[in-house]
Amino acid sequence: MRAKAVGSYVGLPISDPASFKDVTIEVPAPTGRDVLVEIQAVAVNPVDTKQRQGQSATAIPRILGFDAIGKVIAVGETVTTIMTDDVVYYAGDVTRPGSNAQYQLVDERLIALAPKTWSITDAVGLPLTALTAWEALFEKLGWQAQAQANQGHSVLIINGAGGVGSIAIQLAKWAGLTVITTAGQAKTKAWVQNLGADVVLDYHEDLGSQLQAHGITTVDSALLLHSTDRYLPLVAPLMRPLSTIVAVVTNAQPLPMALLKNKGLNFAWEFMFTKSQYQLPELATQGMMLARVAQLADDGDLQATTQQIITGLNAANLKQAHQIVETGQMLGKLVLTTDFEA
């Protein structure tokens, strides 16, 4: 099957006119546990820009895209959980061709039925950020993934207004945690408060003194969603002894891990593509997580984080989306509808 797609020439700066190109690709029929999805919308994440920037230049464009929603049009011979015509959403697998295309092959274990009561542009903003937040909160930090199950405990979320932070705040609140987060502008402070943050710290000012002003001496866990280099030294002194810090942003310099020793602090990386990249037995947990997130969305326990929508998935629009995400100033999520006929 031939399909339209947007190729990204990795290694080229976004200013290069050749950095994005409308292309035609061959999409094989699904076999095994793969399903073939006709893409309806995609979301752009920082990982898209990092995958484009962080690799050597190639003569063959790469199909990026790690958030998608669409209709299943065919399934492999061993697929058991998904049927044709199901509307599914997912974040996919970083080692395979992505969702910036008309059609995509995806392992059934990575997908779930999309929220039934949400628009496609709202639903497509969920998968990657929700999986990252869920794994960080409930696997790495070890909080219970049940409503109000963690009352009396706290989590500090650095950069609560971004894509992952916007869903992490909501999941943490649903799970009963006291949520402390950072923001620096009036609009971002209002955004995180609307999502349920209990305490908002101004990241321009000293975090510890602000916590003390709220009567908080230490936090029970932390999720670093911005500059691990900057925030690990700032957050470590705020942690309760024997607690855990989870980070998602790769460090540029050696981290001062000695700061964690006396308190016996744990440190963990969260990378939601690990399970699919290494084909781990835990692969199917991502589909299960997305099913639970969809139910929370339909039950009204989550609100959408999509803040900007671009109509038409083509080279020009995808380049614009990458430029916006690369500013690092995104509030919530940015989404493109496919609309290949336009």
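User: How many helices and strands are there in the chain?

Analyst: Helices (H or I, at least four residues) and strands (E, at least two) are DSSP runs, numbered from the N terminus. The chain has 10 helices and 15 strands. This is a predicted model, in which local features need pLDDT of at least 70 and side-chain atom pairs count only at pLDDT 80 or more, while totals for chains, interfaces and linings use all residues. Residues are numbered from 1 along each chain as its sequence is written, and side-chain values use heavy atoms, with hydrogens and water left out.

User: How much of the chain is made up of buried residues?

Analyst: Buried means under 20% relative accessible area, exposed over 50%, and partly exposed in between (1.4 Å probe, protein chains only). In this chain, buried residues make up 56% of the 342 residues.

User: Which strand does β1 pair with, and in what sense?

Analyst: Two strands pair if DSSP finds at least two bridges between them. β1 and β2 pair in the antiparallel sense, over seven bridges. Within these strands, G7 stands opposite K21 in β2.

User: In what order do the six strands of the open sheet stand?

Analyst: In a regular strand the side chains alternate between the two faces of the sheet. The order of the open sheet is β10-β9-β8-β11-β12-β13, with parallel pairing. β10 (199-202) and β13 (266-269) are the edge strands, each pairing on one side only. Angles run from 0 to 180 degrees between N-to-C directions, and axes are lines fitted to C-alpha atoms, for helices over the stretch in contact. Neighbouring strands of this sheet are turned by 20° against each other on average, direction ignored. Strand β12 (residues 239-247) is joined to β13 by four bridges, and A247 has W269 in β13 as its bridge partner.

User: Which strands of the sheet does α3 touch?

Analyst: Contact means heavy atoms within 4.5 Å. Helix α3 packs on the sheet and touches β8 (154-158), β11 (219-224), β12 and β13, and its direction makes about 150° with that of β12. T132 lies in α3 and counts as buried because its relative accessibility is 8%. Leaving out residues up to four places away in sequence, T132 touches V164, V248, E270 and M272.

User: Which residues have the most contacts inside the largest nonpolar core?

Analyst: A nonpolar core is a set of buried Ala, Val, Leu, Ile, Met, Phe, Trp, Tyr and Cys residues joined through side-chain atoms within 4.5 Å. The largest has 88 residues, and those with the most contacts inside it are Y89, Y90, W134, F138, L171 and L336. Helix α3 gives the most to this core, with eight residues. Apart from it lies another core of 22 residues, including I180 and L224.
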